[in-house]
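I opened the model to look at its aromatic rings first.

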Amino acid sequence: DISALDGFLTALALGPSVPLPSRWMTIIWGGEEDPVVESADRARRNVSLIVRRMNMIGAGFGNEPPVFEPILYEGDVEGGGTIVLAYDWCAGFMTGVELAFDDWQPLLDDQSDSVFLVPLVKLGTDEGRDEINAAEDPRAEHDKFVDLLEPCVVALNGYWKRRWRKGSGALREAFDRPRLPRPGRNDSCQCGSGRKFKKCCYEA
């Protein structure tokens, strides 16, 4: 399903880490490591299109402001009108989260920012859909979460960007921190023992 694939790739593109292709490609092929295709050229083309789409999604989130253009279907409503069908897309996104669940754990443990996952859980899981259908006005409840989908996905991207900047900032700080000069063999040891360096921490 193209919409579910798009949601899955979005979770990989904006998430904290991208699992090895050998892991996520297997999920795309339905659990098969070597899917049956017409030819090797067709297989390469399929993989190329998938990777190109994921790169396109990542590039969109790299813009300022971020560009988010999910592939969502529309369905006809009895009596006229249409409805945005976001279940497949959100289910694909949640599959991407589950694939790297441990890496997503900091967000899940964050009582404030984890709220950005709510529309995806509501629209992309059976439990969430049951809660929507049990609402006093299911259509209004559904449309509310569809409207929240874009700002919440953009906010998730911002969350992981902030964590990356914080982590890279701490790493730069560690590199920039001045190091104490190594003492000579006959100098006093810097550990404060009062002994000469050669008789104390020299061999450490």
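I counted aromatic pairs and got 6. My rule pairs rings of Phe, Tyr and Trp (its six-membered ring) if their centres lie within 6.5 Å; planes under 30 degrees apart are stacked, over 60 edge-to-face, and the rest tilted. This is a predicted model: local features need pLDDT of at least 70, side-chain atom pairs count only at pLDDT 80 or more, and totals for chains, interfaces and linings use all residues. Residues are numbered from 1 along each chain as its sequence is written, and side-chain values use heavy atoms, with hydrogens and water left out.

**Rings**

I took W89 and F93 to begin with. Their ring centres are 5.8 Å apart and their planes at 25 degrees, so I logged the pair as stacked. Both residues sit in helix α4 (residues 87-99), 4 residues apart, about one turn of the helix. I take helices (H or I, at least four residues) and strands (E, at least two) as DSSP runs, numbered from the N terminus.

I then checked burial (buried is under 20% relative accessible area, exposed over 50%, partly exposed in between; 1.4 Å probe, protein chains only). F93 has a relative accessible area of 0% and is buried. W104, at 1%, counts as buried. W89 is buried too.

The charged end of R129 sits over its ring, 4.2 Å from the centre. The test asks for NZ of Lys or CZ of Arg within 6 Å of the ring centre and within 35 degrees of the ring normal.

**Helix packing**

I turned to α2 (residues 21-28) and α3 (residues 40-62). Their axes come within 12 Å and cross at roughly 110 degrees. The helices are therefore roughly perpendicular (65 to 115 degrees; under 35 is roughly parallel, over 145 roughly antiparallel, the rest oblique). W24, M25 and I28 of α2 meet V47, I50, V51 and M54 of α3. Contact means heavy atoms within 4.5 Å. I sorted these residues: 7 nonpolar, no polar and no charged.

**Peptide bond**

Most peptide bonds are trans. I found a cis bond joining E64 and P65, with omega about 5 degrees. P65 lies in the loop between α3 and β1 (73-76).

Definitions and conventions:
Axes fitted to C-alpha atoms, helices over the stretch in contact; angles between N-to-C directions. Nonpolar A, V, L, I, M, F, W, Y, C, P; charged D, E, K, R; others polar.
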